Amino acid sequence: TQEEVLRYIAFARQFKPIISQEASSLLVEVYTQLRQRDATASSKNTWRITVRQLESLIRLSEAMAKMECLDEVQARHVSEAYKLLNRSIIRVEQPDVYLDEEETEAEDAVLAAQPQDQEMADASEPVVTEAPQQKKKLKLSFDEYKSIANMLVTYVRNEEDKTDSDGIRRSDVVNWYLEKISDQIDTEEELVEKKALIEKVIDRLIFHDQVIIPLTSSKAKGDETEEEDPLLVVHPKR
């Protein structure tokens, strides 16, 4: 009956089980397994494995012992606690980020902004087709992209607050990032690659994630320098 269940729960709560040496060793082992798996690149958790999960393992193990009205936490209690915690961890595979996709979106945005008469003029000119060139695909792992994106957004936001200006030039953001990773660049070729990479990341933040907004003044319409190197600000809702 319900009354019997309540009496059983009240009785079980009186026990204060102590973790045995065998159970303690198993706790260390299973927690280490969770941390090692969390650190692998192939498995991305929705939340990180920290000391909080170790505390959860201990509490669950103690609860298992209390259910059996025992004064000692045994290894089998730890095993059951590990199974419960492991099943509660949701793992989501995050795909790599292909930055070449942003080039297409940027080109589409530029074409959409062109006036109709310019499109008609372009249509009257002969079309010259060029043989497609094999391009090296630029891609980052999801974690790498998020790390760089967070760096850029934080820097742009800090510059906005510090200077109380209308934004920071795109070229200044690129130069700041290249300076931050200068110790990772040994050759001019690597510098060119890193510059192309960070420009692609900025394009993705603008055209795909819409976290950063490029600003151009009305007076700068038609100014190629202004359009290629706009002021950047963080979206107010981000």
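## How much of the chain is buried

Buried residues account for 30% of the 238 residues in the protein chain. Here, buried means under 20% relative accessible area, exposed means over 50%, and partly exposed is in between (1.4 Å probe, protein chains only). The model is a predicted one: local features need pLDDT of at least 70, side-chain atom pairs count only at pLDDT 80 or more, and totals for chains, interfaces and linings use all residues. Residues are numbered from 1 along each chain as its sequence is written, and side-chain values use heavy atoms, with hydrogens and water left out.

The protein chain has 10 helices and 7 strands. Both are DSSP runs numbered from the N terminus: helices are H or I with at least four residues, strands are E with at least two. Now look at contacts, meaning heavy atoms within 4.5 Å. Among those between residues at least 6 apart in sequence, 68% join residues at least 24 apart.

Let's turn to the strands. Strands of a sheet pair through backbone hydrogen bonds, either parallel or antiparallel. In this model, 3 strands form an open sheet in the order β5-β7-β6, with antiparallel pairing. β5 (168-169) and β6 (212-215) are at the edges with a single partner strand each, so one side of each has no neighbour in the sheet. Two strands count as paired if DSSP finds at least two bridges between them. β5 pairs with β7 (residues 231-234) over 2 bridges, and Ile168 stands opposite Leu232 in β7. Between β6 and β7 there are 4 bridges, and Ile212 has Val234 of β7 as its bridge partner.

Which way do the residues of β7 point? Leu231 and Val233 point one way, Leu232 and Val234 the other, and all are buried. Val233 has a relative accessible area of 11%. Not counting residues up to four places away in sequence, Val233 touches Val156, Glu160, Asp166, Gly167, Val211, Ile212, Ile213 and Leu215. The C-alpha atoms of Val233 and Arg169 are 9.2 Å apart, although 64 residues separate the two along the chain.

## Two nonpolar cores

In soluble globular proteins, nonpolar side chains tend to be buried together. A nonpolar core is a set of buried Ala, Val, Leu, Ile, Met, Phe, Trp, Tyr and Cys residues joined through side-chain atoms within 4.5 Å. The largest one has 29 residues, of which Leu99, Tyr145, Leu152, Val173, Val201 and Leu205 touch the most other members. At least two residues of this core come from each of α7 (142-163), α8 (170-180), α9 (188-207) and β7. The biggest contribution is from α7, with 7 residues. Apart from this core lies another, of 16 residues, among them Ala23, Leu27, Tyr31 and Leu85.

Leaving out residues up to four places away in sequence, Tyr145 touches Val97, Leu99, Leu140, Val201, Arg204, Leu205 and Asp209. Arg204 lies over the face of Tyr145, at 5.2 Å from the ring centre. A charge sits over a ring if NZ of Lys or CZ of Arg is within 6 Å of the ring centre and within 35 degrees of the ring normal.

## Pairs of rings

How many aromatic pairs does a search of the whole structure find? There are 2. Rings of Phe, Tyr and Trp (its six-membered ring) pair if their centres lie within 6.5 Å; planes under 30 degrees apart count as stacked, over 60 as edge-to-face and the rest as tilted. Phe11 and Phe15 have ring centres 5.3 Å apart and planes at 80°, so this pair is edge-to-face. Phe11 is partly exposed, at 43% relative accessibility, while Phe15 is buried, at 15%.

Tyr155 and Trp176 form a stacked pair, 4.1 Å centre to centre with 5° between the planes. This pair links distant parts of the chain, with Tyr155 in helix α7 and Trp176 in helix α8, 21 residues apart. Both Tyr155 and Trp176 are buried.

## Helix α3

Helix α3 (residues 51-67) has 17 residues and spans 25 Å from its first C-alpha to its last, close to the expected 24 Å. That expected span is 1.5 Å times one less than the number of residues. The buried residues of α3 are Gln53, Ser56, Leu57, Ser61, Met64 and Ala65. Just after α3, Cys69 takes a positive phi of about 55°.
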